[in-house]
Amino acid sequence: REDSEWLLNMVENLLTVTRINSSSADKVKKSAEVVEEVVSEAILRLQKRIPDAVIHVSMPNNFLMIPMDPTLIEQVLINLMENALIHSGSTEPVDLIIRELDDAISFSVRDYGRGLSEDLLPHIFEGGQVSSSDSHRGMGIGLSICQTIIQAHGGQITAVNHTGDRTKGAEFTFTLPKEKES
């Protein structure tokens, strides 16, 4: 069962990249979407794969609507949250923090695990085989696909290690522009 789910995930990811790379110059078809609905759907889909997943969501109270392809953004959110849950080595809930910026909306997925290898950070979105200290396998293309999707939306994605007084872990942040590029 795990192998079939892993294979299905890989096929979905490869089809997504193929679709984006073969699209016109516009890259993706965007429509105005309600951020809360896209986030909610992504979490529901993630919890079908990982029933005991706990995600703490923090977002502004005001109504956020931005142009995006909701299916692709759901996939980015699911990939990032799933990575945080599976590869962080932590049993703490994952935080999804949404902020409204002047010209964009930012989405941060933060875990409280072992963090990312400093050697890996500069190359984390390049894809290729990932060596992981846990027993989960991956082809290392998930983050590359996330970057492709976010860039096709005119946004940016970054990865950092965060350290606080009593916390540490990895944090992935991506932005989506509020308005369509002209």
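Tutor: Contact means heavy atoms within 4.5 Å. In the protein chain, 74% of the contacts with a separation of 6 or more join residues 24 or more positions apart. This is a predicted model, in which local features need pLDDT of at least 70 and side-chain atom pairs count only at pLDDT 80 or more, while totals for chains, interfaces and linings use all residues. Residues are numbered from 1 along each chain as its sequence is written, and side-chain values use heavy atoms, with hydrogens and water left out.

Student: Why is Val11 called partly exposed?

Tutor: Buried means under 20% relative accessible area and exposed over 50%, with partly exposed in between (1.4 Å probe, protein chains only). Val11 has a relative accessible area of 38%, so the label is partly exposed. The residue sits in helix H1, residues 2-22, where helices are DSSP runs of H or I with at least four residues, numbered from the N terminus.

Student: What makes the nonpolar surface patch of about 280 Å²?

Tutor: Leu7, Val11 and Leu15 make that patch. An α-helix has 3.6 residues a turn, so residues three or four places apart point the same way.

Student: Which residues are buried in helix H4?

Tutor: In H4, residues 142-152, the buried residues are Gly142, Leu143, Ile145, Cys146, Ile149, Ile150 and Ala152. Across the protein chain, buried residues make up 42% of the 182 residues.

How values were computed:
Patch = residues over 30% accessible without salt bridge, like charges linked within 9 Å, V, L, I, M, F, W, Y side chains within 5 Å. Areas by Shrake-Rupley, 256 points an atom, 1.4 Å probe, with all protein chains shown as cover. Salt bridge = Lys/Arg side-chain N within 4 Å of Asp/Glu carboxyl O. Helix = DSSP H or I, 4+ residues; strand = E, 2+ residues; numbered from the N terminus.
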